[in-house]
Amino acid sequence: MTRIFSGIKPTGHLTLGNYLGALRQWVEVDQHRAESLFCVVDLHALTVEHDPARVRRLSRQAATLMLAAGLDPERCAVFVQSHVDEHARLSYLLECVANDGEMRRMIQYKEKSVRERERGGSVRLSLLTYPVLMAADILAYGADEVPVGEDQTQHVELTRDLAVRFNQRYGHTFVVPRATPPKVAARVMDLQEPTSKMGKSHESGAGIVYLLDEPEVVRKKILRAVTDSGREVVYDREGKPGVSNLLEILAACEGRGPEELSGAFDSYGELKKATAEAVVELLRPVRERHRELCAEPGRVDAVLRAGAEKARAMARPTVDAAYRAMGLMMPAGGEV
Ligand code: AQP
């Protein structure tokens with residue numbers, strides 16, 4: 001059976017980009033057709049300056065939202081990365097397979113290291129190495145597919161390279177996975193800056209729709225979205241990034257392609273209104289279910305506990321096999 005792994009990092013409140021680019025596909029498609037694992041990748045949130053209490057709070061919120069969006073613990077494992085030691089165990093081995101040059105080529109490293117320096121902070125070594133941890137997240141489970149937004153495809157490519165290299169050097173151990181981004185909305189852009197990705201850790205909230213925004217706030221943000229010169233509502237990512245972003249969001253909400261909506265609106269205002277209403281309706285059940293789940297925190301804890309147990313049992317044999325393959329002496333009795 002196909003196996004799927006993906007995750008969300010608790011660096012901020014979940015956004016419409018996370019939902020359309022990843023979470024919705026996990027809920028509507030992936031968990032029904034494959035053995036799936038979905039994870040709050042909290043260790044990744046420590047790669048930039050962080051507030052411990054906030055990371056803890058956001059981890060719980062992300063897990064609650066994943067369930068609120070419709071991940072069903074009967075169908076998939078939902079868990080927190082740091083609850084399963086195998087991720088960090090395997091990450092070190094993969095660091096011994098990766099090389100310095102390929103890590104420095106990662107676009108996210110380049111962009112985020114600049115951002116960290118601009119904020120006056122230092123660049124953590126883990127920011128450089130975290131794509132290796134992401135590779136470990138994926139390879140530990142023998143995942144075939146990794147449903148992620150477009151921004152993560154370079155990291156999945158690195159994961160593939162590391163898996164192939166490891167298998168060649170030390171014997172076949174890992175499945176070589178592939179990224180499976182959604183067909184529409186694989187890169188939702190910031191509403192105020194439609195040439196930049198809508199990212200949850202970005203500072204300006206005006207261009208970011210958060211899943212827990214009140215409907216009025218969602219409407220306001222979308223109605224104030226930056227659009228382009230001219231008046232024609234056509235899908236053209238290069239020439240009309242603002243309008244195309246709205247068309248893509250609306251198309252994703254309606255389950256069709258953005259080109260189909262080209263020419264369907266007489267003005268930018270009409271497009272904005274339709275998009276705002278579609279997003280409000282899309283997010284309404286998620287917000288309602290989130291509220292209900294917040295009233296039963298014990299239920300979320302139980303799901304995460306069971307999810308971690310299941311994940312640990314799935315990852316351990318592969319990670320142990322990698323230890324053996326690399327020449328590490330296993331303790332008497334077999335397992336670490
Ligand atoms: N704007 C987006 N459009 C489509 N997909 C997106 N994803 C994130 N943003 C968009 C996808 O959501 C999944 C989880 O993302 P993440 O938690 O790894 O990253 P993030 O939300 O992008 O978090 P940050 O901290 O805000 O990162 P930066 O600073 O890089 O923007 C992934 O599948 C991701 O592709």
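Predicted model: local features only at pLDDT ≥ 70, side-chain atom pairs only at ≥ 80, totals over all residues.
Start with helix α6, residues 125–139, and helix α7, residues 153–170. Their axes lie 9 Å apart and the helices pack at an angle of about 70 degrees. Angles of 65 to 115 degrees count as roughly perpendicular, and α6 and α7 are therefore roughly perpendicular to each other. Their crossing is right-handed. On the α6 side, the contact uses Y130, P131, V132, M134, A135, I138 and L139. Facing them in α7 are H155, V156, L158, T159, L162 and A163. By type, the residues of this contact of α6 with α7 comprise 11 nonpolar, 2 polar and no charged.

Now turn to helix α1, residues 16–33, and helix α9, residues 241–254. Their axes come within 12 Å and cross at roughly 45 degrees. That angle makes α1 oblique to α9. The crossing of α1 and α9 is left-handed. From α1, the contact takes L16, L20 and R24. From α9, it takes I249, A252 and C253. The residues of the contact of α1 with α9 divide into 5 nonpolar, no polar and 1 charged.

Side chains of N18 and K112 each bring an N or O atom to a ligand oxygen atom: for N18 the distance is 2.8 Å, and for K112 it is 3.2 Å. M198 uses its backbone instead: an N or O atom there lies 2.9 Å from a nitrogen atom of the ligand.

Key. Residues numbered from 1 in each chain as written. Heavy atoms only, no water. Axes fitted to C-alpha atoms, helices over the stretch in contact; angles between N-to-C directions. Helix = DSSP H or I, 4+ residues; strand = E, 2+ residues; numbered from the N terminus. Parallel < 35°, antiparallel > 145°, perpendicular 65-115°, else oblique. Left-handed = near helix turned anticlockwise from the far one by under 90°. Contact = heavy atoms within 4.5 Å. Nonpolar A, V, L, I, M, F, W, Y, C, P; charged D, E, K, R; others polar. Polar contact = N/O pair within 3.5 Å; in protein donor to acceptor, adjacent residues only side chain to side chain.
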